[in-house]
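Subject: Structure handover

Hello,

Here is the structure we talked about handing over. My notes on it follow below the model.

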Amino acid sequence: MRYIAKKEPPHELRRWSSEQPVNDDGERINCKYDDMPGAVKTVVKQHLLEEQGYLCCYTGIYISDERSHIEHFKPQSRCEGYEDIAYDNLLAAYPGGNQARSLFGAHAKADWYDPDLMISPLIENCDKRFRFNQFGKIAPVHQTDMAARETITRLGLDHDSLTDMRRQAIQTALFRNKQPLTEKALERIIQSYCEPHSHSRHIRPFCFVIQQAAVDLLNRQRKIREKKRYRKKRK
């Protein structure tokens, strides 16, 4: 999970909602997510994809229009008032509507919602609540962090297939011919791997996982180097 800095709602969403008629109680009617025109949803999804760097809001998997759907952080079935069209409640998540049902991420979460136990990608440093090892396995940074534990379980972030995707991404990014990258190369990854491409604005899949793995690998390399230096001094 990577922090998503929400931007202003797209103009098309604001215009559509403001144009809906008002009843005698001052409430807008026909102003629910299911009433939203397809053209407006298309614009909203594109904004979400760009906002997230084309990464799934929960898993970090690469997503596109075809590989994603509009996700309600607070489930649509539990929304009140205009919450189901509130831009701050909308995210882009894997998989797409025509793809097979997923056993992790948004599909695993389904209608579960607990503001005290669900870690939101809209909260800064949300990624600091989870730890990934070089094999792609996930765990809470602090064993007493019940929200991190519950989020992992409810979203299936420890599912074997997702873990294997992370492992493969780590191996591809940090190893060449089964050998780890140099310290300088690892430092570059730690500093800039999550930056979007200048033209496409895409962010590398699982970038936050790879950065964590790069930190661990770099620390291990430095310890090995220090041990070798210490041994040489003693000879």
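Predicted model: local features only at pLDDT ≥ 70, side-chain atom pairs only at ≥ 80, totals over all residues.

Residues are numbered from 1 along each chain as its sequence is written, and side-chain values use heavy atoms, with hydrogens and water left out.

Serine 77

Serine 77 sits in the loop that runs between β1 (69–72) and β2 (90–93). Its relative accessible area is 55%, so serine 77 is exposed (exposed means over 50%, buried under 20% and partly exposed in between, with a 1.4 Å probe and protein chains only). The side chain of serine 77 makes a polar contact of 3.3 Å with the side chain of aspartate 111. A polar contact is a pair of N or O atoms within 3.5 Å; within protein, one must be able to donate a hydrogen and the other to accept it, and residues adjacent in sequence count only if both atoms are side-chain atoms. From serine 77 to aspartate 158 is 81 residues in sequence and 26 Å in space, C-alpha to C-alpha.

Cysteines

How many disulfides does a search of the whole structure find? It finds one, a disulfide being a pair of cysteine sulfur atoms within 2.5 Å. The partners are cysteine 194 and cysteine 207, with their sulfur atoms 2.2 Å apart. Cysteine 194 lies in the loop between α6 (183–192) and α7 (207–234), and cysteine 207 lies in helix α7, 13 residues away. The torsion about the S-S bond is about 100 degrees, so this disulfide is right-handed. Cysteine 194 is buried at 12% relative accessibility, and cysteine 207 is buried at 0%.

Cysteine 56 is buried with a relative accessible area of 4%, and cysteine 57 is buried at 2%.

Nonpolar core

A nonpolar core is a set of buried Ala, Val, Leu, Ile, Met, Phe, Trp, Tyr and Cys residues joined through side-chain atoms within 4.5 Å. The largest one has 63 residues, and Met36, Val44, Tyr58, Phe130, Leu174 and Ile210 touch the most other members. Elements giving two or more residues to this core include α2 (38–51), β3 (130–132) and α5 (160–174). Helix α7 supplies the largest share, eight residues. Beyond its neighbours within four places in sequence, isoleucine 210 has contacts (heavy atoms within 4.5 Å) with Ala169, Ile170, Ala173, Leu174, Ile189, Tyr193 and Pro205.

Helix α1

Helix α1 holds serine 17, which is buried with a relative accessible area of 17%. A polar atom of the serine 17 side chain lies 3.1 Å from the backbone oxygen of arginine 14. Apart from neighbours within four places in sequence, serine 17 is in contact with Arg28, Cys31 and Ile85. On the α1 side, Glu12, Leu13 and Trp16 meet Val40, Val43 and Val44 of α2.

Regards

Conventions. Helix = DSSP H or I, 4+ residues; strand = E, 2+ residues; numbered from the N terminus.
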